[in-house]
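Dear colleague,

Please find below the structure that I am handing over to you.

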Amino acid sequence: MSAEDERRLARVALTWLAEPGTRAVHHLVERHGPVATLDLLLDGGSPDGWLHTTVAARSAAGDARAVAAEALERADRLGARLVTPDDEEWPAQVASLAALRLPDVSRRVDGETAPPLCFWVRGSWPLGEALDRSVAVVGARAATGYGQHVATELGYGLAERDWTVVSGGAFGIDAAAHRGALTAGGLTVAVLACGLDRPYPMGNAALFDRIAETGLLVSEWPPGAEPLRPRFLIRNRVIAAGTRGTVVVEASARSGATQTARRAIHANRVAMVVPGPVTSAMSVGAHEFLREHAKARLVTGVAHVLEEVGRIGADLAPLARGPQRATDALDDDARSLLEALPRRGAMGVDRLSARAGVDVRTALRKLSMLEELSMVVRRDDGYALAPPAKPRQAAAAGASVLPGT
């Protein structure tokens, strides 16, 4: 076995001995390399008491190197590959997890947020390239129709603009975001909390196959690994750090989606929240996240998301405006004259200019312009408001360019 193969095998074995994200293992690998770290742990030399117990318990169930070799064989049969930091396609941005520290940590899973040792990948895209321009769209499994609509629109719009849509492959918001990206013919990545050969939930098996055909399925766990509850939070740190930003579409009071967004904020990524009805239980967690985290951004669509994660000055969202009216381009004098005209009948120029507060000469000039715009009509007894235009005429008037004044 070559030295490179030994290193790859050791990384797989270490991920089996201790759950991904274990900081003590990461520090040992950084200091000694994966092969020496594996030897150290198997010899009982762990500097961490909890890790020593974990390694001993796992080792009692099998030989770590044999388990790793079997996992690599299963991956080959599955058509999946192992990606390590030594590979060109490794996503460099996940290295920021080394500095991720969540405040007020009471659970081990919230403290063990170290970078991955390796990834299992199914799909033809290079992993680093797929995640380079990516946005995570996450949310409730029990999503409402509103949430699924928004997630689908976000997935479609981001993919249409050549952004990779990343999510966790769950029911509800995750699946809607993936399907939106697929419908747009874009790239989507599902980051799983189990082995690639037993995707969870099984009800999304057909969706996972579609994603693997045109995008990527990614996991830190070897083939055969079960989707245990803590693994979803472990997985979420990769979604948060591997993308440029995370959008929470819907989230209940206790939601893994807000935990992903929390990890995004502390990994110096953008955390975004789509507001929902205040009467919806599926938006309680999202709204509370906005209240609690000053750095979180409210977004209502693709344009807002791209403004947060895109290039400075190049991806600005248009300002929200009401429908454009033909009178919007008028100056103050023209607008005053228009407002001064009676709703019915005509009015002479002298009286009209006095009522509008402009001099007669200005009134004549502005009234001539308003007549060209079909907003007023001239009669024998003065000026009157033009009758309401038909739809086609109104559109033409709205598109007119004001003559020089």
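This is a predicted model: local features need pLDDT of at least 70, side-chain atom pairs count only at pLDDT 80 or more; totals for chains, interfaces and linings use all residues.

Residues are numbered from 1 along each chain as its sequence is written, and side-chain values use heavy atoms, with hydrogens and water left out.

The sheet

Helices (H or I, at least four residues) and strands (E, at least two) are DSSP runs, numbered from the N terminus. Two strands are said to pair if DSSP finds at least two bridges between them. The model has an open sheet of nine strands with mixed pairing, in the order β1-β2-β6-β5-β4-β3-β7-β8-β9. Strands β1 (81-83) and β9 (297-298) stand at the edges with a single partner strand each, so one side of each is left without a neighbour in the sheet.

Strands β1 and β2 run antiparallel and are joined by three bridges; the partner of L82 in β2 is W120. Three bridges also join β2 (residues 119-122) to β6 (residues 216-219), and these two strands run antiparallel. Here V121 has V218 of β6 as its bridge partner, and R122 stands opposite L217 in β6.

Helix α8 (residues 145-160) touches β3 (134-138), β4 (164-167) and β7 (245-248), and its direction makes about 170° with that of β3. Helix α13 (residues 284-292) touches β7, β8 (270-273) and β9, and its direction makes about 130° with that of β8.

On a 1 Å grid over the protein atoms alone, a cavity is a set of points where a 1.4 Å probe fits but cannot get out; a pocket is an open set with protein on both sides within 12 Å along at least five of seven lines; lining residues have an atom within 4 Å of a point. Grid points are joined across faces, edges and corners, and a volume is the space filled by probe spheres set on the points.

The whole structure has three cavities of 30 Å³ or more, and the volume of the largest cavity is about 70 Å³. It is lined by 13 residues, of which E19, P20, G21, T22 and L117 are the closest to its centre. Helices α1 (3-17) and α2 (23-32) are the elements that give two or more residues to this lining.

The largest pocket has a volume of about 960 Å³. Its lining has 35 residues, and R254, S255, G256, A257 and Q259 lie nearest its centre. Helix α11 provides the largest share of this lining, seven residues.

A salt bridge

A salt bridge is a side-chain nitrogen of Lys or Arg within 4 Å of a carboxyl oxygen of Asp or Glu. The structure holds 16 of them. In one, E19 pairs with R231, the closest N and O atoms being 3.0 Å apart. Because E19 lies in the loop between α1 and α2 and R231 in helix α11 (residues 229-242), the pair ties together parts that are 212 residues apart in sequence.

The backbone

Most residues other than glycine have a negative phi, and most peptide bonds are trans. Y200 and P201 are joined by a cis peptide bond, with omega about 0°; P201 is in the loop between β5 (188-192) and α10 (205-214). D104 has a positive phi, near 55°, and belongs to the loop between β1 and α6 (108-111).

Yours sincerely

Technical notes:
Contact means heavy atoms within 4.5 Å. Axes are lines fitted to C-alpha atoms, for helices over the stretch in contact, and angles run from 0 to 180 degrees between N-to-C directions.
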